[in-house]
Amino acid sequence: MPLKGTQDFSRIRNGRTMRPIAQGLFTDEMPPRLIGGRNRATGRIVFPFPPGDEFEPYPLRRDGRLWSFTVQRYRPKSPPYAGPEGFRPWAVGYVELPGETIVEARLSGVAFENIAIGMPLELTQVPLDPTAEEPVMIHAFGPPGAAA
Amino acid sequence: MSDVCIVGIGIHPFGRTEGLSGLDQGVFAVRQSLADAGVEWPAIEFAYGGSDAAGNPDTMVERLGLTGVQFINVRNGCAAGGSALFSTQMAIKSGEFDLGLAVGFDKHPRGAFNALPSEYNLPEWYGEAGYMITTQFFGAKITRYMHEHGISKTSLGRVSEKAFRNAIHAPHAWRREPVDLQTIMDAPLVSDPYTKFMFCSPAEGGVALILASEKKARELGKPLIRLKAAAMRTRPPGSFEVFAPSIDIARGGSATKLASAAAFEQAGVGPEDIAVAQLQDTEAGAEIMHMAENGFCRDGEQEAWLAEGRSEIGGTLPVNTDGGCLACGEPIGASGLRQVYENVVQLRGHGGGRQAPGDPKTAYSHVYGAPGVSAVTILQR
């Protein structure tokens, strides 16, 4: 399975071209997985895959449970934030992928008041700017089976 | 071995001071500390200065006098002040010097700290996606802690309420108006579960401390406030820190736990011996978590502590007697030294309306920050 490469990762969905926010974050499979790194000496798993020789690429499982969360209620400063000017609050969580690591990610497809530690979640992608012509996609977790 | 003593303290009020640079506020604090110690600037043999965003501290020699004094700048994130104090103490402990200055000041732009991924060895996408936000981390960290240890949102509110109430009596504090619990709880959310009254703000201010060998302190005729311990530590494996794209499932200790244990060992005292404590409270939950991490209670006991007022000025262990970061704001370079300043005030019995009762003899200070550093001091009179 190709983990990193030079291929174009962009996909067409609903007639729009969607490109991941960075190369090397997702595997080139459907549905994609996040690419973490496994420490060659200790077996410790981290995300994202760190540069250097210490870690080998390690595709992370897509299912997990919510470990903690908060809601970003104000627009982060730009730079570095590259999201839309018109800001709407979004939830961000730490998702435990059993046996692997706890990944920080956007939470999607669940109302703020229904977010609860321990809830089952599945990897998806959401556009950084939902109104953009050709949005960049970031990783997110949502209830299993829910459409991204 | 003889102790290092704090013989002079000075502070420029925290908050926002138009027209005064961070350095100006540092100079103000130094002059006040010299007057307090009863010495002139040429008597100072060496200095360590910390500032994160307000320029090089050693440039203040132009204002204080070109005596040729040895002056070393310290830039160590949130531990800048603590590191300056630690270094000053070590220079005197070594026997090389008898009288030195630790100074910290800062002046930050309004709004949340704006960090860039490259400063933290993180990929650019992490910032573009909106994750370089300190308040986000604080929100996620306390949400987990509340879940694990049964801490209520009301307890978060009580911490802020106490901070503003204590600050009324602290002339150097920024926010000195009381805010009632309901207003704190009902205020707009910033990063859940925290409302706007549960976060401190970046601010301005300056603090100076003059340290002396015990022999020199006796010559100066000052009450002996002994710096029994000054410890600074970085994070162990499995800690949960700001700007973390992933964290280990196996949870570990914290820089605070390491620094606290080292300080108690150096000082030869335990948490039960501490009469007053200043604990890092950049957000309300930080004070709660740090009560346990520094050994003053077990995880979860804070709920009862706050409901019963045990960390109030008249309680078992008064915590953040000047309102802490919540009421004073956080000028990074000065913040850790403010805690030590406040402890000296308390040990001298000069706290006025915020004085911890019972003639306190031992005081504790704790600072914590990115990327997982902590500094603790223990003072004794």
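In which strand of chain A is A:Tyr94 found? A:Tyr94 is in strand 7 of chain A, where strands (E, at least two residues) and helices (H or I, at least four) are DSSP runs numbered from the N terminus.

Some conventions before I go on. This is a predicted model, in which local features need pLDDT of at least 70 and side-chain atom pairs count only at pLDDT 80 or more, while totals for chains, interfaces and linings use all residues. Residues are numbered from 1 along each chain as its sequence is written, chains are lettered from A and ligands numbered from 1 in the order in which they are written, and side-chain values use heavy atoms, with hydrogens and water left out.

Back to A:Tyr94. Its relative accessible area is 3%, so A:Tyr94 is buried; buried means under 20% relative accessible area, exposed over 50%, and partly exposed in between, with a 1.4 Å probe and protein chains only. Leaving out residues up to four places away in sequence, A:Tyr94 touches residues of chain A including A:Arg65, A:Trp67 and A:Ile102, and also B:Ala140, B:Phe240, B:Ala244 and B:Ile247. Contact here means heavy atoms within 4.5 Å.

Chain A as a whole. Its secondary structure is ten strands and zero helices. The chain has 148 residues, and 49% of them count as buried. Among its contacts with a separation of 6 or more, 47% are between residues 24 or more positions apart. Its accessible surface is about 7200 Å², with 51% belonging to carbon and sulfur atoms; the areas come from the Shrake-Rupley method with a 1.4 Å probe, and for residues only the protein chains shown count as cover.

One loop of chain A has two cis peptide bonds to show. The bond from A:Ser78 to A:Pro79 is cis, with omega near -15°. A:Pro79 and A:Pro80 are also joined by a cis peptide bond, with omega about 10°. A:Pro79 sits in the loop between strand 6 (63–72) and strand 7 (90–97) of chain A, and A:Pro80 lies in the loop between strand 6 and strand 7 as well.

Now the cores. A nonpolar core is a set of buried Ala, Val, Leu, Ile, Met, Phe, Trp, Tyr and Cys residues joined through side-chain atoms within 4.5 Å. The largest one has 128 residues, and those with the most contacts inside it are A:Leu107, A:Phe141, B:Leu209, B:Tyr364 and B:Ile378. Helix 13 of chain B (residues 332–348) gives the most to this core, seven residues. A second, separate core has 27 residues, among them B:Val7, B:Val30, B:Ala47 and B:Ala208. As for B:Leu209, its contacts beyond four places in sequence include B:Leu85, B:Leu337 and B:Val340.

Helix 3 (residues 80–93) and helix 13 of chain B pack at about 60°, with their axes 5 Å apart. Axes are lines fitted to C-alpha atoms, for helices over the stretch in contact, and angles run from 0 to 180 degrees between N-to-C directions. The two helices are therefore oblique to each other; under 35 degrees counts as roughly parallel, over 145 as roughly antiparallel, 65 to 115 as roughly perpendicular, and the rest as oblique. B:Ala80, B:Gly81 and B:Leu85 of helix 3 meet B:Gly333, B:Leu337 and B:Val340 of helix 13.

A second pair is helix 6 (residues 153–167) and helix 10 (residues 284–293) of chain B, whose axes come within 8 Å and cross at roughly 100°. These helices are therefore roughly perpendicular to each other. Helix 6 contributes B:Ser155, B:Leu156, B:Val159, B:Ser160 and B:Lys162 to the contact, and helix 10 contributes B:Ala284, B:Gly285, B:Glu287 and B:Ile288. B:Ser155 counts as buried because its relative accessibility is 1%. Apart from neighbours within four places in sequence, B:Ser155 is in contact with B:Ile288, B:Glu303 and B:Leu306.

Last, backbone angles in chain B. B:Asn121 is not a glycine, yet has a positive phi of about 60°. This residue lies in the loop between strand 4 (99–107) and helix 4 (124–128) of chain B, and B:Asn121 counts as exposed, at 74% relative accessibility. B:Asp359, also not a glycine, has a positive phi of about 55°. B:Asp359 is in the loop between helix 13 and strand 11 (362–369) of chain B, and at 46% relative accessibility counts as partly exposed.
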